[in-house]
Amino acid sequence: MGKTALIVIDMINTYDHQDAEHLIPAVEAVLPKVTGLLERARRQGVPVIYVNDNFGEWRSHHGEILDKALSGPHSRLVEPLKPDESSLFVVKARHSVFFETPLTYLLHQQGIDRLVLCGQVTEQCVLYSALDAHIRHLQVIVPRDAVAHIHADLADAALRMMERNMGALVCDSGELWT
């Protein structure tokens, strides 16, 4: 058994997109759980890797993505989740954290074979990332109370699919790094 990493998906966000009005309430609900996961993971020395959409800004890097989100109208949803000096950051352009990113290489270099996926959106990026992790023979854990959704019914179905079809452990965030 190798190491575990906490993967924070798309939480550095301006919320300036089509489904934001449906997503924001779910983000507000999971924010304390994600923050708690970050605190406990860091305290335990678990690597924290932010994998974040570039929102079509092909010249941006993680600092610019963070600065833009922190200067926007929803900075209160980003401020508590800011990467610290030990955090790693991977920029993505599509739904999966693996698609056309160096994440697989990074995980291999770090000896990581178990991922805790938190963030957004359960029925999109989290689901596709869990599938891609599964086909790469990585263990997946998804704390159900630390993933935000746009559509609750689809999020419930996605969590069931991750558990049943991908062998993911779906649990409460409080069960991790206690």
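This short talk walks through a few local features of the structure shown above.

The model is a predicted one, in which local features need pLDDT of at least 70 and side-chain atom pairs count only at pLDDT 80 or more, while totals for chains, interfaces and linings use all residues. Residues are numbered from 1 along each chain as its sequence is written, and side-chain values use heavy atoms, with hydrogens and water left out.

Let me start with serine 96, which sits in the loop between strand 3 (88-92) and helix 3 (103-110); helices (H or I, at least four residues) and strands (E, at least two) are DSSP runs, numbered from the N terminus. Is serine 96 buried or exposed? Its relative accessibility is 5%, so serine 96 counts as buried, where buried means under 20% relative accessible area, exposed over 50%, and partly exposed in between, with a 1.4 Å probe and protein chains only. The side chain of serine 96 makes a polar contact of 2.5 Å with that of aspartate 132, a polar contact being a pair of N or O atoms within 3.5 Å, of which, within protein, one must be able to donate a hydrogen and the other to accept it, and residues adjacent in sequence count only if both atoms are side-chain atoms. Leaving aside residues up to four places away in sequence, serine 96 touches Tyr128, Ser129 and Asp132, contact meaning heavy atoms within 4.5 Å.

Turning to helix 3 itself, Leu103, Leu106 and Leu107 are buried. Viewed down the helix axis, the buried residues of helix 3 fall within an arc of 95 degrees, so they line one face of the helix; the arc is that of the directions from the helix axis to the C-beta atoms. Tyr105 and His108, on the other side of helix 3, are exposed, and the cover over its buried residues includes strand 2 (48-53), strand 3 and strand 4 (112-120). After helix 3 comes glycine 111, with a positive phi near 70 degrees.

Now to the backbone elsewhere. Aspartate 10, in the loop between strand 1 (3-9) and helix 1, has a positive phi of about 55 degrees although it is not a glycine, and at 6% relative accessibility aspartate 10 counts as buried. Tryptophan 177, in the segment after strand 7, also is not a glycine and has a positive phi, near 55 degrees; tryptophan 177 is buried, with a relative accessible area of 17%. Finally, glutamine 120 and valine 121 are joined by a cis peptide bond, with omega about 0 degrees.
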